[in-house]
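Hi,

Here is the structure I promised to pass on to you. Have a look at it first, and then read on for what turned up in it.

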Amino acid sequence: IGGWLIWAPGTFIARLGFGYLFAKLALDKNNNERDFIVQLVGLIIGGAFMIFVYYIWEVILYGNWIIALSSIPANIFLRFIKYTSILYNFTNTLYSN
């Protein structure tokens, strides 16, 4: 197995966990669905979970804890850019009504 296919199981776990954590935290019926802070916390915790899963997956793939650490800064940067745009669009959609 090589290429993109080798990342599929790790990505599946990471995305599934992120979706669950975000939905549980940010869209829980006990919270106001338009609460920006709760959504932000959901994104941060979900993003941290994804970074952790990708780190563990890289340790499994590379067999080295140190080499896998080198991808964490790039993962943090990518999550910041992605979730900033998602949160911006999500809150604009909710508050436009």
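This is a predicted model: local features need pLDDT of at least 70, side-chain atom pairs count only at pLDDT 80 or more; totals for chains, interfaces and linings use all residues.

The largest pocket has a volume of about 250 Å³. A pocket here is an open set of points on a 1 Å grid over the protein atoms alone, where a 1.4 Å probe fits, with protein on both sides within 12 Å along at least five of seven lines. Its volume is the space filled by probe spheres set on those points, which are joined across faces, edges and corners.

Residues are numbered from 1 along each chain as its sequence is written, and side-chain values use heavy atoms, with hydrogens and water left out.

Now for the overall picture. The chain has 4 helices and 0 strands (DSSP runs numbered from the N terminus: H or I of at least four residues for helices, E of at least two for strands). Of its 97 residues, 29% count as buried, meaning under 20% relative accessible area with a 1.4 Å probe, protein chains only.

The largest nonpolar core has 10 residues, among them Phe18, Leu43, Val53 and Tyr83. Such a core is a set of buried Ala, Val, Leu, Ile, Met, Phe, Trp, Tyr and Cys residues joined through side-chain atoms within 4.5 Å. Helices H1 (8-26), H2 (36-62) and H4 (72-95) each give two or more residues to this core.

Glycine 10, in helix H1, counts as buried because its relative accessibility is 0%. Leaving out residues up to four places away in sequence, glycine 10 touches Val53, Tyr54 and Trp57 (contact means heavy atoms within 4.5 Å).

Finally, look at arginine 79 in helix H4. Which side chain of opposite charge is nearest to arginine 79? That is glutamate 58, 8.3 Å away, and buried arginine 79 has no salt bridge (a side-chain nitrogen of Lys or Arg within 4 Å of a carboxyl oxygen of Asp or Glu).

Enjoy exploring!

Terms used: Buried means under 20% relative accessible area, exposed over 50%, partly exposed in between (1.4 Å probe, protein chains only). Lys and Arg count as positive and Asp and Glu as negative; His and the chain ends are not counted. On a 1 Å grid over the protein atoms alone, a cavity is a set of points where a 1.4 Å probe fits but cannot get out, and a pocket is an open set with protein on both sides within 12 Å along at least five of seven lines; lining residues have an atom within 4 Å of a point.
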